[in-house]
Amino acid sequence: MERLNMANSNRGLLAMSQDIKGRVFGILEPGDEDSKYFDPFIMGLIMLNVVAVVLETVHSIYVTYSHIFYAFDVFSVAVFTVEYILRVWSCTKDYRFRDPVRGRLRFMMTPMALIDLMAVLPFYVPFIFPDLRFIRAMRLFRLFRILKLARYSESLQTFIDVLKLKREELILMFFAIIILLIVSSSLVYDAEHEAQPEAFASIPAAMWWGIVTLATVGYGDVYPITFWGKLIGSIVVILGIGLFALPTGVLAAGFAEVLARKKEKEKMEKMRCPHCGRYLGDLAISLDKGRREK
Amino acid sequence: MAKNIKLQIYEILEATNAEDKNAEAVNLFLLVLVILNVFAVVIETVSDIYSAYRVVFQYFADISVVIFTIEYGLRIWSCDVDPKYSHPIAGRVRFALTPLALIDLLVILPTYIMLAFPTDHRLLRSLRILWTFRLLKASRYSKSLKTIMDVIRDQKRELAMSFSAIIFFMVLSSTVIFLLEHDAQPERFPDIPATMWWAVLTMTTVGDNFYPITPLGKIIGGLIIILGVATFALPTSILTSGFVEVLEERRAEEARLEESEEDGP
């Protein structure tokens, strides 16, 4: 900081604030040298917040340590609020959001910025609407803070990439599952409704049986008892288990593909000349070929 | 002379050379002993069998501990052959602090403490179950164990990612279900940690008498099941594809070796 200030002492206040803004922007953007300390700090804070939200619902723990939970929440909200304000302030450094007003508004509408806002807003709402039921629900809304991790976590990024890559297949399978679910639930509803008017009260109720059965969870709260219900149920299960297992396979294949691409990309980066940035991959390949021919 | 014997003992006990027949025999013997001990610990908990063969179990445990004590002593004595632990005192201490050496000590020590206070210490003796970790050493001899280790090492990043995705999904879905079901079933879903147990049971498709009952809970629960089962199955499919990859590589390597042998003189 001092070095920066000294270097800019003769350039006026505006230029200086621009430099500070650039530095703040660099620190807030994950994954570079500037954010070496900031990234782990904010990630740790987010994770602790998630643990706190989960533990707070355990009554005995909450009663004993409520003041610690409250203090921690106030601290986290303070940090996250400052972080959010700084992000909105410095986002104009990104050329996509360079317009001071419209750019900032567009930045505020990006999913990550909305998540940042959602992470702190529930804390302030009870001051405006002091309704007790509302406050309890709002406390759980703090779990949205976990989504802030998406910015830092490589695994979540990968997961999102996989979903994007396999979007079409997944949607197709989802529809296939829904169709199978509707057909099978209707059939079983028809067969079972008279024998068990409560458990199979309607087709949506029968769909609960369908999902639980097809996913092989099998809670055992509802099951067919008539001959036809059992027969249709068995056929549906035999056909459906395979269908329910398909998304798993697609997701796994997507994971493998995305990671293979990532590895390839990293390899390419390594083949770049560290001085001039020129790509040396072809050279390396031709060298390798020459050696083999020898 | 003593140095030579020391080196030999070290090589046998640490199984540094997979070709050595003596080392293989000794380690196989120790391995069988470990398996028998683990088996004994398990069987001892069946009280009918234990009361009938009590003496046999006790002698077997004591003899095994003596054998492993000798082995432990020999390993500590001979470890300074290894350049990593070459210092006679500091090196030995460092060797004693490696995980496998610590486990040995943890099992052996209580037995000798028991000798000083001779009562029926079945619980302490069940520490022998920790010897299971010694099976890890067997990966030097077993190709399949080695393959499993290779696969896990290769897919480390993918596995870590899928586990963090699982945890993320689990926390999020149990919070939602807790929110929807807590009022309807305060006993079944008293807090989020308890609801996480529901999430694990559901998404591993184990399923228990423990499920949402409100309409919204069932709708969201159904979605969670469809997505969650797929997420929870990710490590399985990653391991599967990792296995295929490693085996294919191995096959390609063998093919290349054969080819070069044909080319050779």
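The expected span of a helix is 1.5 Å times one less than its number of residues. This rule will be applied at one stop of the tour below, which concerns a predicted model.

**Stop 1: helix H5 of chain B**

Select residues 99-116 of chain B, which form helix H5. With 18 residues at 1.5 Å a residue, helix H5 of chain B should span 26 Å, and the 27 Å between its end C-alpha atoms agrees with this.

Next, colour Asp104(B), Val107(B) and Thr111(B), the buried residues of H5(B). They lie on the same side of H5(B), because the arc that they cover around the axis is only 75°. What do the buried residues of H5(B) pack against? Display residues 47-78 of chain B: the partner is helix H3 of that chain.

Now turn to the face of H5(B) that points away from its buried side. Exposed residues are found there, including Leu102(B), Leu106(B), Tyr112(B) and Ile113(B).

**Stop 2: the domains of chain B**

Colour residues 2-139 of chain B as domain 1 and residues 142-265 as domain 2. Taken over C-alpha atoms, the centres of these two domains of chain B are 35 Å apart.

**Stop 3: chain A as a whole**

Chain A has 294 residues, of which 22% count as buried. Where contacts in chain A link residues at least 6 apart in sequence, 59% of them join residues at least 24 apart.

**Stop 4: where the two chains meet**

**Stop 5: the nonpolar cores**

Select Ile211(A), Ala215(A) and Val229(B), which touch the most other members of the largest nonpolar core, a group of 60 residues. Helix H8 of chain B (residues 156-181) gives the most to this core, namely ten residues. Centre the view on Val229(B): beyond its neighbours within four places in sequence, Val229(B) is in contact with Ala215(A), Phe244(A), Met203(B) and Thr205(B).

Finally, select Val41(B), Ala61(B), Val65(B) and Phe68(B), which are among the five residues of another core, lying apart from the largest one.

Notes. Residues numbered from 1 in each chain as written. Chains lettered and ligands numbered in written order. Predicted model: local features only at pLDDT ≥ 70, side-chain atom pairs only at ≥ 80, totals over all residues. Domains from an automatic or database assignment. Helix = DSSP H or I, 4+ residues; strand = E, 2+ residues; numbered from the N terminus. Buried ≥ 20, exposed ≤ 12 C-beta atoms within 10 Å, placed from the backbone. Arc of directions from axis to C-beta. Contact = placed C-beta atoms within 7 Å. Core = buried A, V, L, I, M, F, W, Y, C linked by C-beta atoms within 7 Å.
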